[in-house]
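Reader: I would like to learn how to read helix packing and sheets in a model. Can we go through some cases?

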Amino acid sequence: MALAAVDSETRRNYLNADYSIKSWLLTTDHKRIGLLYLASITLFFFVGGSAAVLMRLNLLEPNGALIEPAAYNKLFSMHGIIMVFFFMIPSIPAVLGNFLVPMMIGARDLAFPRLNLLSWYIFMLGGALAMYAVVSGGVDTGWTFYTPLSTTYLNTHVMSAALGVFVAGFSSILTGLNFVVTIHKMRAPGMTWFRMPLFLWAIYATSIIQILGTPVLAVTLTLVALERLFHVGVFDPAVGGDPILFQHLFWFYSHPAVYIMILPSMGVVSELVACFAKKRIFGYSFVAFSSLAIAVISFLVWGHHMFVSGQSIYAGIIFSALSFAVAIPSAIKVFNWTATLYKGSISYHAPMLYALGFIGLFTMGGLTGLFLATLAVDTHVHDTYFVVAHFHYIMVGGAVMGYMGGLHFWWPKIIGRLYPDGWARLAAAIIFFGFNLTFFPQYILGYLGMPRRYAVYPPEFQVLNVMSSAGASILAVGYLIPLVYLIWSMLRGPAAGPNPWGAKGLEWTTPSPPATENFESPPVVTEEAYAYGAQEVSVG
Amino acid sequence: MSQGFPLRPEQASTIARGVDHLYYFLTAIDLFFTALIFFTILAFVLRYRRRSEKQQATQIEGHIPLEIIWTAIPLGLVVIIFLWGTSLFIRNSRPPAAATEIFVVGKQWMWKLQHPEGVEEINELHVPVNQPIKLTMTSEDVIHDFSVPAFRVKKDVVPGMYTSLWFEATKTGTFHIFCDQYCGANHALMRGEVIVMEPTAYEQWLSGGRRGESMVQAGAKLYDQLSCITCHGTGKAPPLLGIYNKPVKLTNGSTVVADDAYLRESVLYPSAKIVAGYPPIMPTYKGQVTEEQLLQLIAYIRSLSPQEGKASK
C-alpha cells in the first residue's frame, strides 16, 4: 500500500502529465475526455435535478405551493430535456465508455481521438444552446416537443432548445461511431469477441442504436424548425399535415433512446456483479446476446407510446406484441445476474450495493412495463403518473444506479484515489430509500388517474404527492453526499493502488491512474473475461 | 368519493371491472417476480457473503436448461397477458350499435360538448346511467386527451381528425374528466366532470337546457345558409341523399367510404378527393365553419341516410 502511494505521487500518469488548462481543452486522450464529460454532465445533472426538486415542492399542495402552472411547465420541460439529452444519454457511454473502451480491449486510445474531442465540443455547444433556452426565459414543450403545440402554439424558446438537442445528437452519433470502429479494429491480440467484458457488448449495442436512431431525431427536429420558421405544414392539420406523424418519428428515436440509457448500465452491472461475487458471469453468451436482442427489438416498439393517439387498433396490437418481446431478453439478464451470485464469494462495497439496487429497481421498472404494453390497461394509465413512475424506475432506479455503481467502481482507477467506503454505502442506501419513496407512490397515483405534467391537481391526490415530495428531498441528499466525498477523494483520498477490488480485466493491470499511453507494452490476452477462478490477483 | 387509502379509482363503467381484473393479475405477477428476485438475491448474499479473504467462489459457466426455463416461463406469461389485454382492448374499443353519440371539441383549455338534441355544455358532461354513450371528438388547436379514470377510458383528441371512445356508466355520481395530453400553459386546469344521472333526471335536465334546435336542425340551417344546395341539390355536385357511410368512386379510380372523416375533409379541403363524374368546383369552407358547425353539418348529412342514422363507422 505504502509503496503504491509513493509510486502514484511520482509516477507520470495521464492526470499529472500536464496541468495546463490548454492541455485539458485540447486533449485527445480518451481518459481526459471522459473526465471532461464527467464534469459537464455532473453540472447538467444538478441543474436538471434542481428543476425536479422545485417541481416536487410545488406539488406539495393541490393548487401549487410555489409557482404558476406556466412556470411549472417550463420546469418539467427543462428537467426532461436536460436529464434525457444532456445527462442520461451521454452518462455511461461518454464518461465510463470513453475511459474504459480502449483500456478494456488493450488499446492506446479510441480509433479517432480527435473526433472524440470534437464530440465533446459539439456536446457542449448543444448544452450551451439548451441552457440558453433555459436562462433566456425557458421552454415549455416538454422533452417530447409534440406538434402542433411546439410548432404553432408556443412562443417560448423552442428553437434554441430543439437546436441544442439537435446539435448534441451529433456528438452522440460520433461517439457511437468511434466505439464501434474501436471495438472492431483495435482489440489487443487474443481479445476475441467472446473474451470481451460484457460492458463492451453493452456499449457496442448502445453505439449501434446511437448511430442508427439519432439521425431520425435530427430529421424530426429539423422538420419542427422548418415548420416554425416557414410553416411548411408537415405536422399542421390546418394545412393538411399530420400531427401524429411527428409522434411516429419522435418515438422511432426516443424509444430506442431508452435503451441507450439502460443498456450501458446493464453492462456496468455485469462487471460489478462478477467482481464482487468473484465469479464468471453466469450464462455469458446469453447476457451478451440479450444486449443485441434488446437493441434490435428497441427499434420496433415505438408505437406503444401511441396506443391512445388514434392510431388503428391493429397497429396497437402489433406494437403491443413487439413490446412484450423486449421483456424476454431483459428478464434473461436479471435471472443470469441473480444466478451469478450463487456460490459466489460476495462482498458489499459501495459499487456492489448500487448493482444490487439496480437489479431490484430495474426488475420493478421492467415488470411495470408489462402493464403499459398491455393494451387494455395502458388505455387507463397512459400519460398518468404510472408512466412517470415506470420510466423513472428504469432510468433513475436502473440507469442512474448503474452509472453511480460504475463511477464508484472505476473511480479509484480513474482518479487513483479511494473514497470513504462507509459514506459511499450510506449514500447508496439513502438513494435507494429516497428513490422508492419518491416514485413508488406515483404508481398508485397513476392508477388512481392523476395525469402527468399537472401543475395543480384535485385534492384527493395530495397524500401520495406529499409522500413523493418527501422522498425527493431524501433522494436529493443522497445525490449530494457523493458529490462531497468524491471531491474530497480527488484532493485528499488515499492512493488506490492498481487493483483495489481484486478485479479482472485489462484496465486493472495498469497503475492507477493509468499512464497517458495506457499500457507500457501492448497486452496479450490469454484468458476469458471474469477469470476469477484462475489465480488469485495480488491486491493493491 | 372513497374513504381510507384507495388503490384504484371507483369502478363506474362496464369497462372498469374487466380492466381492474387484468390489472390485479399483472400486479400479482409483478409482486411474485419482484419477491422472487429480491429473496433469491437476499438468500445468496447472506449465504455466500465473503467471510474471509481466502473464501473462493465456485465458478459456473452457465446452465442451458435453466436458460431455457427462464426464457420459456416469461415468454408463456407475456403471451397470456398479451392475449388477455388485446381481447379486452378490442372489446372495449367497439361501441355498441345502440350508443348515443355526443360530440366533443377540445380547445386550449376547455371541453365543449354537444348533445344530439342540441344541448351544449362546457367542462361538464351529463349522461344517463346504464346507457352506452359514444363520444366523437376533435380539437380546435393542439392535441388534447379525454380521460375519465373512473370509467377506465382515454383517447387523444386530435386536430384535423375524429377520434372516439365509448362507455356505459354503471352508477350515478360525479367523476373527473382530465386532459391527459400536455396541451400548453393551463393543461392542468383543462378538467371537467361527468355527471351520471338517472334516466328520468337526465331527460329533465336535457329538456331544461334545450335551446330550440337539435344538431340535425342546426346542420340543416347551416346547409341552407352556406348555400350548399345550389350545387348539391342541382346535380352540379354529388347529391348527399343516402350517401353517408356508402362507398364513393373518385376521379383517380379509387373508392372511399363517405364517413365522418371524409365528409369533414370534403368541406375543408374539397380538392383532396374529387368524386368521379363531377368537376372540382367546390370552394373550401375552411375558416368559415367551426369544428362544432362541422359536426352539425355531418349530423345533418347523416340524417339524410335514415337507415344509417345511428351507425358510426
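Predicted model: local features only at pLDDT ≥ 70, side-chain atom pairs only at ≥ 80, totals over all residues.

Reader: Which residues of helix 10 and helix 11 of chain A make the contact?

Author: Helix 10 of chain A contributes Phe286(A), Val287(A), Ser290(A), Ala293(A), Ile294(A) and Ile297(A). From helix 11 of chain A come Leu322(A), Ala325(A), Val326(A), Pro329(A), Ser330(A), Ile332(A), Lys333(A) and Asn336(A). Sorted by class, this contact has 10 nonpolar, 3 polar and 1 charged residues.

Reader: At what angle do helix 10 and helix 11 of chain A pack?

Author: The angle between helix 10 (residues 284-297) and helix 11 (residues 313-341) of chain A is about 160°, and their axes are 9 Å apart. Angles over 145 degrees count as roughly antiparallel, so helix 10 of chain A is roughly antiparallel to helix 11 of chain A.

Reader: Now the sheet. In what order do the strands of the open sheet in chain B stand?

Author: In general, strands of a sheet pair through backbone hydrogen bonds, either parallel or antiparallel. Here 5 strands of chain B form an open sheet in the order 3-2-1-5-8, with mixed pairing. Strand 3 (120-122) and strand 8 (163-168) of chain B are at the edges with a single partner strand each, so one side of each has no neighbour in the sheet. On average, neighbouring strands of this sheet are turned by 25° against each other, direction ignored.

Reader: In which sense do strand 1 and strand 5 of chain B pair, parallel or antiparallel?

Author: Strand 1 (residues 100-107) and strand 5 (residues 132-139) of chain B pair in the parallel sense, over 7 bridges. Opposite Thr100(B) stands Ile133(B) of strand 5 of chain B.

Methods:
Residues numbered from 1 in each chain as written. Chains lettered and ligands numbered in written order. Axes fitted to C-alpha atoms, helices over the stretch in contact; angles between N-to-C directions. Helix = DSSP H or I, 4+ residues; strand = E, 2+ residues; numbered from the N terminus. Parallel < 35°, antiparallel > 145°, perpendicular 65-115°, else oblique. Contact = placed C-beta atoms within 7 Å. Nonpolar A, V, L, I, M, F, W, Y, C, P; charged D, E, K, R; others polar. Pairing = 2+ DSSP bridges.
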